[in-house]
Amino acid sequence: MTTSVSGTASTTVADSKRQPPGLGPLGWLRWAWRILTSMRTALILLFLLAVGAIPGSVLPQNVVSVDEVDQYFREHPDLAPVLDRLYFFDVFSSPWYAAIYLLLFVSLAGCVIPRGLKHARAVRARPVRTPRHLQRLPYAAKFSTDADTETVLARAREVLKGYRIERYGDSISGESGYLREAGNVLFHFALLALLLALAAGAFFGYRGNMLLVEGDGFANTLPSYDAIYPGHWTNTDRLEPFTIHLDDFEASFIEEGDLRGQPASYVADITYKDSPEAEEQQHRLEVNHPLDVGGVQVYLLGHGYAPEFEVRNPEGDVVFDQAVPFLFRDTASFISDGVVKVPDTGGEELGFSGVFLPTAAENDSGELVSSFPGPENPMVTLEAYRGDLGLVDPQSVYQLQTSKMEELGESRAMEVGDTWELPEGAGSITFTGFSDYISLQTNRDGSRPFALGAAVVAVAGLLLTLFVRPRRVWVRVEEGEDGRSRVVLAGLGKTEVAADNQEFHELTTRLAARLRDETDDNPDSAPPESMTTRE
């Protein structure tokens, strides 16, 4: 019994010594690196990058239009905060999108660089040696000729023009189609360059949004922007010193048919200067036709209306007289909401919450709506408040804080020129007219030419990959029993077998014809005999 236990214990100890060790930290790192740098992982990450960009295309983005994001919050008060916590309104600057982007870059670099080095070695290497059994290849054909070995191989070199040739004894080996793999490597390196260019644009460039009312100007300084998104390495103290002045804006809409109310054109006539010392220049700004000034692209995104008001205090003094941009609810009617803040009245502060209707009309329920986005019958309705505007605290110019204010009442629908005498002798407000405003976006991205170049190179590499066919051809000369030279031509393609075999057969026929012209071969002799042709 003792011996049995001892033997079992000894066997267990021996087995434990023979068990393979675990991977260990270094082994797990190698395994993770192999998984990350595989082409399958790169494709998955590229797919995730495309899927992650979908919310940035479907939902409004802060970097494009803060107004549209605010409108989405108003229309979806429950859903919008959840999406905001997930960075769905700042998709392309979100941590999760940056993580996918960085992993994709590392994956491509780890995959493409070794592949490029391998291809460089393959290009410098000699073509492979002639196989021993050529008849086993997908295409093989033979024929006999009176030409000697040197003549046959010399004519074979001429026929295989465009192939890289290497001689091995009484045979030659030819390879063609190296550009296919070169195109593949070029495509992936261009994709890496494109990712680098996009990253450089995000780090060194900036985007900014602003509203510009007709007759007003804009200087490219940080305080002039409604919203600006600089890159991590952008010096916002040294922005390009250009200025823009909006001289005139004209929006036209389709007036008839099923598309009534749809925008037909937005055109802004502007005056700009590259720098304070430069001469003024004129430019007509249109959608998708940006102005390039000082290396910054200025885009016309949209437009809206800025009602003009004149406010008088109880003594009759004018304390406010200017246009106020209102934000539209939708582009179908351009019903717009806005606020008027009058902090300096010589007494209590005044605030107004208003609705602007470009073409006011009553619907079937008797409600006042806008039936057309163009200003055919402009009206405005106002709610007046008196008290503390709370301007000591940061607040949006498009929101009115009424917690410390007293409501004075609501006006009737006011046409241009109408005056509303405020209750309790608080003064008056006159709707004097309206102006158009445009929403602009500035974009500085010095990497755009590099990104375009990388995209062109990527397309070129992809075309090479699709249309170049790698092929290998071998020609061997053997002495036949009748003393004539027996020529065997075999080919191997890596793409379409039928197309490759057709090309190999043409090479065989051409070689046989050249040898027949140089020798006394019978012109009526049998054509090359195909030993193997697989499709």
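This is a predicted model: local features need pLDDT of at least 70, side-chain atom pairs count only at pLDDT 80 or more; totals for chains, interfaces and linings use all residues.

Modeller: Two packed helices are described by the angle between their axes and the distance between the axes. Here the pair is α9, residues 178-204, and α10, residues 448-467; their axes come within 7 Å and cross at roughly 160°. Angles over 145 degrees count as roughly antiparallel, so α9 is roughly antiparallel to α10. As for the hand, the crossing of α9 and α10 is left-handed.

Now for who touches whom. On the α9 side, the residues that meet α10 include L179, L186, F187 and L194, along with G183, A190, A193 and A197. R180 and N184 of α9 are in the list too. Across from them, α10 brings in F450, V457, L462 and L464, plus A451, A454, A458, G461 and T465.

Next, some strands. β3, at residues 171-176, pairs with β23, at residues 471-479, in the antiparallel sense over six bridges. G174 stands opposite V473 of β23. β23 is also joined to β24, residues 485-493, by nine bridges, and that pair runs antiparallel as well. There, R471 faces G493 in β24. β23 and β24 make a hairpin with five residues between them, and G483 in the turn has a positive phi of about 85°.

F204 is one of the contacts of R444, once neighbours within four places in sequence are set aside; the others are G205, Y206, T234, E240, G295 and V296. R444 itself is found in strand β22, residues 428-444. Is R444 buried or exposed? Its relative accessibility is 19%, so R444 counts as buried, the cut-off being under 20%. The side chain of R444 also has a polar partner: a contact of 3.0 Å joins it to the side chain of E240.

Another sheet is worth a look. It is open, has four strands in the order β5-β7-β8-β9, and pairs them antiparallel. β5 (217-219) and β9 (281-286) stand at the edges with a single partner strand each, so one side of each has no neighbour in the sheet. From one strand to the next, the twist averages 30°. β9 pairs with β8, residues 263-273, over six bridges in the antiparallel sense, and A268 stands opposite L285 of β9.

Most residues other than glycine have a negative phi. N288 is not a glycine, yet its phi is positive at about 65°. N288 sits in the loop between β9 and β10 (291-293), and with a relative accessible area of 67% it is exposed. Y87, again not a glycine, has a positive phi of about 65°. You'll find Y87 in the loop between α6 (79-85) and α7 (95-124). Y87 counts as partly exposed, because its relative accessibility is 38%.

Definitions and conventions. Residues are numbered from 1 along each chain as its sequence is written. Side-chain values use heavy atoms; hydrogens and water are left out. Two strands pair if DSSP finds at least two bridges between them. Helices (H or I, at least four residues) and strands (E, at least two) are DSSP runs, numbered from the N terminus. Axes are lines fitted to C-alpha atoms, for helices over the stretch in contact, and angles run from 0 to 180 degrees between N-to-C directions. Buried means under 20% relative accessible area, exposed over 50%, partly exposed in between (1.4 Å probe, protein chains only). A polar contact is a pair of N or O atoms within 3.5 Å; within protein, one must be able to donate a hydrogen and the other to accept it, and residues adjacent in sequence count only if both atoms are side-chain atoms. Contact means heavy atoms within 4.5 Å. Angles under 35 degrees count as roughly parallel, over 145 as roughly antiparallel, 65 to 115 as roughly perpendicular and the rest as oblique. A crossing is left-handed if the near helix is turned anticlockwise from the far one by less than a right angle, and right-handed if clockwise.
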